[in-house]
Amino acid sequence: MVQIVRSAVRTSWVSVALATVLGVTMPAVATMAGTALASPIAMPGAIVTGDSHPGAMHEAAPPRTRGARGGHSHRRASGHPTAAASPWGRASMLVHVRAGGVTAHREPSSSSATVGTVVATSKYYGVPIVLRVDATNPAGTWGRVELPYVWPRRQGWIRLTDLAREQTFLHVDVDLSEHRVRVYKRDDLRYSVPAAIGASSSPTPPGHYVVTDRVPFTPGSALGSFAFGISGIQPHLPAGWSGGDQLAIHGTDDPSSIGTSASAGCVRVSERALERFEPLLRLGTPVVIHA
């Protein structure tokens with residue numbers, strides 16, 4: 001385990017250590033593995049209520065179907081047919097998992113069966129976990145969350161009464177069929193960029209995740225200049241793969257691969273996209289990956 005490092009002087013060393021976890025030689029050219037990301041930089045939680053970056057990078061925004069709220073339908077990202085039903089029009093509740101983790105139950109009751117443990121820190125570097133709550137019980141004392149780093153993906157209910165809370169209006173939508181990453185604020189598209197996804201032998205697994213790690217790299221590295229570890233794992237690693245299994249959104253030293261299915265499971269974007277995403281995607285930012 002590489003300890004969390006905050007000093008900019010040691011960032012390069014930590015990047016090399018992280019690349020070792022990934023199984024990538026730095027800074028030599030390598031096929032991006034796209035797994036096992038964890039951050040030496042424990043950034044603040046995802047409190048985003050305003051514009052964190054000026055300008056826009058809309059690259060062919062998707063068609064907008066007018067709904068009851070006047071926004072686009074966001075059908076592919078949320079699975080809801082209209083903007084009025086979209087869960088993204090309101091703030092997402094984020095909770096900080098306490099030290100030692102939290103037991104998850106099948107129902108919002110401590111007497112119901114347990115379905116697993118929500119870990120307290122990220123998979124490789126021990127950054128405190130911030131999770132999105134996608135539903136609460138009527139009293140607001142229990143919340144339903146996706147368990148981090150679990151396959152098959154599953155949800156559970158955790159007690160909220162003693163957990164610190166935040167909120168965000170941002171979420172990331174990764175459309176595998178279109179090879180595209182979109183960042184939304186509420187239901188409004190902010191950025192849309194092409195992306196590389198997992199190869200046919202190591203497909204990117206769909207699911208609801210959150211950003212758990214933020215890692216700067218030396219520009220030109222195999223992972224680009226920045227990477228966002230997320231709370232999912234790759235269950236279908238390439239044959240002979242010796243790195244870790246955590247999923248991520250990151251850059252690449254092979255820009256020609258963007259727009260194709262070429263990685264071991266991670267999502268690759270351009271340096272220009274990383275510049276826009278870096279100030280926005282804080283810990284706990286929801287990431288939805290879908291076909």
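Trainee: By class, how many nonpolar, polar and charged residues does the lining of the largest cavity have?
Mentor: A cavity is a set of points, on a 1 Å grid over the protein atoms alone, where a 1.4 Å probe fits but cannot get out, and lining residues have an atom within 4 Å of a point. Ala, Val, Leu, Ile, Met, Phe, Trp, Tyr, Cys and Pro count as nonpolar, Asp, Glu, Lys and Arg as charged, and the others, Gly among them, as polar. Sorted that way, the lining has six nonpolar, two polar and three charged residues.

Trainee: Good start! What kind of model is this?
Mentor: Residues are numbered from 1 along each chain as its sequence is written, and side-chain values use heavy atoms, with hydrogens and water left out. Local features need pLDDT of at least 70, side-chain atom pairs count only at pLDDT 80 or more, and totals for chains, interfaces and linings use all residues, for this is a predicted model.

Trainee: What is the volume of the largest cavity?
Mentor: Grid points are joined across faces, edges and corners, and a volume is the space filled by probe spheres set on the points. Counting cavities of 30 Å³ or more gives three. The largest has a volume of about 110 Å³.

Trainee: Which element gives the largest share of its lining?
Mentor: The lining includes L131, R132, H208, Y209, V210, P286 and V288. The elements that give two or more residues to it are strand 5, strand 14 (207–216) and strand 19 (286–290). The largest share, three residues, comes from strand 14.

Trainee: Let's step back. How many helices and strands does the protein chain have?
Mentor: Both are DSSP runs numbered from the N terminus: helices are H or I with at least four residues, strands E with at least two. The count for the protein chain is three helices and 19 strands.

Trainee: What share of the residues in the protein chain is buried?
Mentor: Buried means under 20% relative accessible area, exposed over 50% and partly exposed in between, with a 1.4 Å probe and protein chains only. The protein chain has 291 residues, and the buried share is 54%.

Trainee: In what order do the three strands of the open sheet run?
Mentor: Two strands pair if DSSP finds at least two bridges between them. Strand 2 (residues 92–96) has four bridges to strand 9, running antiparallel, and four to strand 5, also antiparallel. That makes an open sheet, with the order 5-2-9. The edge strands, each pairing on one side only, are strand 5 (130–133) and strand 9.

Trainee: Which residue in strand 9 is the bridge partner of L94?
Mentor: On the strand 5 side, L94 stands opposite R132, while V95 stands opposite L131. In strand 5, V130 and R132 point one way and L131 and V133 the other, and all are buried. Strand 9 (residues 165–168) has R165 and Q167 on its uncovered face and E166 and T168 on its covered one. The strand 9 partner of L94 is E166.

Trainee: Is S257 buried or exposed?
Mentor: S257 sits in the loop between strand 16 (246–250) and strand 17 (261–263). Contact means heavy atoms within 4.5 Å, and, leaving aside residues up to four places away in sequence, S257 touches A196, T252, A262 and R268. Its relative accessible area is 5%, so S257 is buried.

Trainee: Which residue does a cis peptide bond join to W151?
Mentor: Most residues other than glycine have a negative phi, and most peptide bonds are trans. In the loop between strand 7 (142–146) and strand 8 (155–159), Y149 has a positive phi near 55 degrees. At 12% relative accessibility, Y149 counts as buried. The cis bond, with omega about -5 degrees, joins W151 to P152.

Trainee: How far apart in space are H290 and D175, C-alpha to C-alpha?
Mentor: H290 lies in strand 19 and is buried, with a relative accessible area of 10%. H290 and D175 are 115 residues apart in sequence, yet their C-alpha distance is 5.5 Å.

Key:
1 Å grid on protein atoms, 1.4 Å probe; cavity = no way out; pocket = protein on both sides within 12 Å on 5 of 7 lines; lining within 4 Å.
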